[in-house]
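Please look over the sequence and the structure shown below before reading on.

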Amino acid sequence: MHIPDVDLNLFVVFDAIYAEGGVSRACSRLNLTQPAVSHALGRLRQMFNDPLFVRRQHVMTPTPLAREIISTVRQSLNGFETTLNQTSRFDPATTRKKFVIGLRNNLEAPFLSALMTGIAASAPHIDIAAVRFERHKLQRELSAGILDAAVDGLLPLSNEVRREPVLTERLVVFARCDHPELRTRLNADTYLRMEHVCVMSRRTGISFEDFELQRLGVERNIRLQCQNFATACHIVAGNNMLLTASDHAASVSDRALPLRVFPCPFPIGSHVNYLYWHGNTESDPANQWLRAQLIAAGAMLAQNSLSKSMARRRGIQRTPCDDTASANARAAE
């Protein structure tokens, strides 16, 4: 069989079915009708003399042959796309493109804030979508182009997925400004005695901070679990519960609510986040640009955190509580 005898669009359909696990979802992804995708799958089956996908419980499961060839197919398709991108000379100042980035909930606000600050003026036609992702699907979704990049902790992925450290998180504790038991500092005994809000989207398991606390042999009293960090901040601002989260999350969330931020009273190590992308996009100019912007966003967050740390050491930390007190004083003059 020779390339001139093959419709290369068939491999686009093959990749979509493999990534989506079904013909209907592949149709949506490719914006094609179901008869068109089914016809293409039939031609592929005839070409390879193999069913390629077998339906099992509403999912199209790839056959051993399909699993064997998918990596080569994707590398070839991404090679074509890279060539086209190079030919079209990706220019963030003029190119219209949408990037999809996998982000954890607690990183979304600080990371997107820093990212958009960096690209708002220089890339006016670049759109960004931040989405949740399932870790066990990350490699497949990066390979298939469903995600252009992702930021998360250290994950056991193959060498096909590239990674680079992009942001180090340290835990801090949020409390309302007028908390009756926290005047100047938060110690370990008070922390364990208080009730806590935990942010976690998973139905089961424990959060990173609880995993680290358990390693130290302690357990906190979680009164409420919610899915959204902003929701947790609003709840803590109105009662005596505590919220433990990243210092980078604190940099964007403590501006609008009457919250104070305390150091975590337990010796929990830093949490390193990595930028992930697939090797098949390594030389893609568009993906290279995106990665550079995400790395710059991480550097901006790290610098802001350093500045806040220096300010605290010099005794000039300001919080919304301070701003409210200042405003009241000015009004009384």
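What percentage of the 333 residues in the protein do buried residues make up? In this predicted model, buried residues account for 44% of the 333 residues. The protein contains 12 helices and 12 strands, and its accessible surface comes to about 18100 Å², of which 50% belongs to carbon and sulfur atoms. When contacts between residues at least 6 apart in sequence are considered, 75% of them join residues that are at least 24 apart.

**Helix α1**

Helix α1 covers residues 9-20, which is 12 residues, and it reaches 17 Å from its first C-alpha to its last, close to the 16 Å expected at 1.5 Å a residue. This helix is mostly covered, with 9 of its 12 residues buried. Among the buried residues of α1 are Leu-10, Phe-11, Val-13 and Ile-17, and the list also includes Asp-15. Just after α1 comes Gly-21, which takes a positive phi of about 75°. Phe-14 and Tyr-18 are also among the buried residues of α1, and together with Phe-53 they form one aromatic cluster.

**Aromatic pairs**

How many aromatic pairs does the protein have, with ring centres within 6.5 Å as the rule for pairing? The count comes to 9 aromatic pairs, and two of these are set out in the table.

| Pair | Distance between ring centres | Angle between planes | Arrangement |
|---|---|---|---|
| Phe-174 and Phe-229 | 5.7 Å | 70° | edge-to-face |
| Tyr-274 and Tyr-276 | 6.4 Å | 50° | tilted |

The planes of Phe-174 and Phe-229 stand at 70°, so the pair is edge-to-face, because planes over 60 degrees apart count as such. This pair links distant parts of the chain, since Phe-174 lies in strand β7 (residues 171-176) and Phe-229 in helix α9 (residues 229-237), 55 residues apart. Both partners, Phe-174 and Phe-229, are buried.

Note on methods: Residues numbered from 1 in each chain as written. Predicted model: local features only at pLDDT ≥ 70, side-chain atom pairs only at ≥ 80, totals over all residues. Heavy atoms only, no water. Phe/Tyr/Trp six-rings, centres within 6.5 Å; stacked < 30°, edge-to-face > 60°. Helix = DSSP H or I, 4+ residues; strand = E, 2+ residues; numbered from the N terminus. Buried < 20%, exposed > 50% of the residue type's maximum accessible area, 1.4 Å probe, protein only. Contact = heavy atoms within 4.5 Å. Areas by Shrake-Rupley, 256 points an atom, 1.4 Å probe, with all protein chains shown as cover. Expected span 1.5 Å × (residues − 1).
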